[in-house]
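Please read it alongside the sequence and the structure shown here.

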Amino acid sequence: MGAVFDLSNYRISGHDTFYIPNFITCEEELYLIRKVNETPQHKWKKLANRRLQIWGGEITPKGVLLAEPLPAFIDNYPDIISRIKATGAFADSPHGMPNHVILNEYLPGQGIMPHEDGPRYHPVVATVSLGSHSVFNYYQYEQEDAITTVSRGEGRTINMNPTLSLLLEPRSLVISCGDKYTSHLHGIQAVQEDLISSENPEEMLPKIIPVRIANLELLQDEGIKSSIERGEILRRSVRYSLTCRDHFGKAADSRTVNRCSCFWSGK
Ligand SMILES: O=C(O)CCC(=O)C(=O)O
Ligand SMILES: [Fe+2]
């Protein structure tokens, strides 16, 4: 990545989302995967449908970060954190860069339900993908009138038709901010394979419905690009994601998120 980084070259037009292919090199990717696999078993947290590790400190039930240094393999070599800082995406965040990383592991067929990352963090998330592609979806809540919302209490219905889908290539960085952080949900379907809609949809196999992605033009992986052009199914392998955010440190004030403007707004 050069000294001056112009994030506007990577914007998904009309959205508070940026997609940067080849954010890290193949050598860095292999090194990171090796380091992740060398981590002692007890560092993994097992969830129903994936495993994860938390770097930068645990967050208490009250939302307080018990801060710890990030591992050298994302802070030093490769210098993922300073590279993310150089994008400018965290210019307005409390620490000016991510201080907290959740590493997720997805086996083929595993995903993550639509969710929000919540008010404990400055409302920007930058995610590096390692090992496999995936399809990342943004969702919105169903529109409900005020009376229905009050009578339903906290529960809100999610419209499961994604408003935006991106293909995340291995080694890429995706940044979500603005309304993509504060009013959308995001998730990954628990599937083993993806069919991506190309420029020639009439040539597609009828077996599964192709997904329209908004970053087709930004893709760089030759293997992935030629498979999409030929209408071939992309099979997922093991993927690791490094979700990098800036935690406020103390318990979040619910007004904090509303006060924060997206670094991108008005630029
Ligand atoms: O794996 C991903 O790309 C998304 C993970 C995520 O949304 C999260 O950890 O909150
Ligand atoms: Fe998330």
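The buried residues of H1 pack against strand S3 (51–55), H2, H3, S6, S8 and S15, where buried means under 20% relative accessible area, exposed over 50% and partly exposed in between (1.4 Å probe, protein chains only). Helices (H or I, at least four residues) and strands (E, at least two) are DSSP runs, numbered from the N terminus. This is a predicted model, in which local features need pLDDT of at least 70 and side-chain atom pairs count only at pLDDT 80 or more, while totals for chains, interfaces and linings use all residues. Residues are numbered from 1 along each chain as its sequence is written, chains are lettered from A and ligands numbered from 1 in the order in which they are written, and side-chain values use heavy atoms, with hydrogens and water left out.

**Helix H1**

The residues of H1 that count as buried are Glu28, Glu29, Leu32, Ile33 and Val36. They lie on the same side of H1, because they cover an arc of only 135° around the axis, the arc being that of the directions from the helix axis to the C-beta atoms. The face turned away from this buried side carries the exposed residues Glu27 and Leu30. H1 has 13 residues and reaches 18 Å from its first C-alpha to its last, close to the 18 Å expected at 1.5 Å a residue, a span defined as 1.5 Å times one less than the number of residues.

**The chain and its cores**

The chain has seven helices and 15 strands, and buried residues make up 48% of its 267 residues. Residues 24 or more positions apart account for 79% of the contacts with a separation of 6 or more, a contact meaning heavy atoms within 4.5 Å.

A nonpolar core is a set of buried Ala, Val, Leu, Ile, Met, Phe, Trp, Tyr and Cys residues joined through side-chain atoms within 4.5 Å. In the largest such core, which has 31 residues, Trp55, Ile74, Ile175 and Leu242 touch the most other members. Among the elements that give two or more residues to this core are strand S1 (17–20), helix H1 (26–38), strand S11 (173–176) and strand S15 (239–245). A second, separate core of 19 residues includes Ile12, Tyr138, Val174 and Ile224.

Ser176 has its place in strand S11, and Ile228 lies in helix H6 (residues 222–229). Not counting residues up to four places away in sequence, Ser176 touches Asp16, Pro123, Val124, Val125, Phe136, Tyr138 and Tyr181. With the corresponding neighbours in sequence left out, the residues that Ile228 touches include Leu167, Ile196, Leu216 and Leu234. The table sets out one C-alpha to C-alpha distance for each residue.

| Pair | Apart in sequence | C-alpha to C-alpha |
|---|---|---|
| Ser176 and Ala126 | 50 residues | 6.6 Å |
| Ile228 and Cys177 | 51 residues | 28 Å |

Ser176 counts as buried at 5% relative accessibility, and Ile228 is buried with a relative accessible area of 3%.

**The iron site**

The protein donors of the iron ion (ligand 2) are His115 (NE2), Asp117 (OD) and His186 (NE2), lying 2.0 to 2.2 Å from it. Donors are N, O and S atoms within 2.8 Å of the metal (3.2 Å for Na, K and Ca), and water is not among the atoms, so sites may look incomplete. In sequence the donor residues are spaced H-x1-D-x68-H. His115 is partly exposed, with a relative accessible area of 22%, whereas Asp117 is buried at 14%.
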